[in-house]
Amino acid sequence: MIFPGFELLDVFGPLELFGMLRGRVSISIVAEHADAVASSQGPRTVVDLPMAEVAALDVLLVPGGWGTRREVQNEHFLQLLLGLAGKARFVTSVCTGSALLARTGVLDGKKATSNKRAFGWVVSQGPNVNWVREARWVEDGVYFTSSGVSAGMDMTLGLIQRIFDRATSQEIARWAEYTWHEDSSIDPFAAPATG
């Protein structure tokens, strides 16, 4: 799902990897409204379906981006997001997208992570979440949350491994010419961001 001010790579990095599962997945872009949505970087994305019209889904992907700062105050959007999370087999976020999930309450009592440069702000959105500062991504049951931007691709490969198998994730990483950081606990950006 997307919102005004979403981060492009948070969405399209994971979607590129899922898209390599040709014939095995169907991908849709959803948003609060049916209008095209501008990203943090400017380019707009066409919406396939409003969030309220989604009947069911296997994977919900919530990106981060500067727009999260506004959407944490958008009660209508948060209620729609909560509804989507309840319909999903897996709920995932990239970067500050975990702040949006935290605001809905779905991450309460769960382990989660986020972008380390915005970590303090994200933590303030969900005081009942068990935040993990040093992690590339975190799995807690059906919840997968990742650190900043490109970490979403590592998380996605981890999720593909969970849904399919490791060989499939490794093959997708090769097709994408992407070096998959398979160990979710190694976060080279945690220490520099915290000073």
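Buried denotes a relative accessible area under 20%, exposed one over 50%, and partly exposed one in between, as computed with a 1.4 Å probe on protein chains only. On this scale Arg70 is partly exposed, at 44% relative accessibility. The structure is a predicted model, in which local features need pLDDT of at least 70 and side-chain atom pairs count only at pLDDT 80 or more, while totals for chains, interfaces and linings use all residues. Residues are numbered from 1 along each chain as its sequence is written, and side-chain values use heavy atoms, with hydrogens and water left out. Helices (H or I, at least four residues) and strands (E, at least two) are DSSP runs, numbered from the N terminus.

**Salt bridges**

- A salt bridge is a side-chain nitrogen of Lys or Arg within 4 Å of a carboxyl oxygen of Asp or Glu; by this rule the count comes to six.
- Glu71 and Arg70 form one of them, with an N to O distance of 3.3 Å. Glu71 is buried, at 3% relative accessibility, whereas Arg70 is partly exposed.
- Asp187 and Lys116 are joined by a salt bridge of 2.8 Å, N to O. Asp187 lies in the loop between α7 (166–175) and α8 (190–194), and Lys116 in the loop between β7 (111–112) and α5 (119–125), so the pair ties together parts that are 71 residues apart in sequence. Both Asp187 and Lys116 are buried.
- Arg174 and Glu171 meet in a salt bridge of 2.6 Å, N to O. Both residues belong to helix α7, where they are three residues apart, about one turn of the helix. Arg174 is exposed, with a relative accessible area of 52%, and Glu171 is partly exposed, at 27%.

**Strand β10 and its partners**

- Two strands pair if DSSP finds at least two bridges between them.
- Strand β9 (residues 137–140) runs antiparallel to strand β10 (residues 143–146), and four bridges join the two. Within this pairing, Glu139 stands opposite Phe144, and Trp137 has Ser146 as its bridge partner.
- The hairpin of β9 and β10 has two residues between the strands, and Gly141 takes a positive phi near 65 degrees there.
- Strand β6 (residues 88–93) runs parallel to β10, with three bridges between them; here Thr92 stands opposite Phe144.
- In a regular strand the side chains alternate between the two faces of the sheet. In β10, Tyr143 and Thr145 point one way and Phe144 and Ser146 the other, and all are buried.
- Ser146, in strand β10, is buried at 0% relative accessibility. Contact means heavy atoms within 4.5 Å; leaving aside residues up to four places away in sequence, Ser146 touches residues including Ser93, Cys95, Asn115, Trp137 and Met155.

**Helix α4**

- Seven of the eight residues of helix α4 (residues 97–104) are buried, so the helix is largely enclosed by the rest of the structure.
- Among the buried residues of α4 are Gly97, Leu100, Leu101 and Thr104.
- Gly105 follows α4 and has a positive phi, near 95 degrees.

- Val149 is found in the loop between β10 and α6 (151–163) and is partly exposed, with a relative accessible area of 24%.
- Glu177, also not a glycine, has a positive phi of about 50 degrees. Glu177 lies in the loop between α7 and α8 and is exposed, at 77% relative accessibility.

**The largest pocket**

- On a 1 Å grid over the protein atoms alone, a pocket is an open set of points where a 1.4 Å probe fits, with protein on both sides within 12 Å along at least five of seven lines; lining residues have an atom within 4 Å of a point.
- Grid points are joined across faces, edges and corners, and a volume is the space filled by probe spheres set on the points.
- The largest pocket has a volume of about 610 Å³. Of its 27 lining residues, the closest to the centre are Ser26, Ile27, Ser28, Leu57 and Val59.
- The elements that give two or more residues to this lining are α1 (8–19), β5 (57–62) and β6; β5 gives the most, with five residues.
- The lining of the largest pocket has 22 nonpolar, two polar and three charged residues, where Ala, Val, Leu, Ile, Met, Phe, Trp, Tyr, Cys and Pro count as nonpolar, Asp, Glu, Lys and Arg as charged, and the others, Gly among them, as polar.
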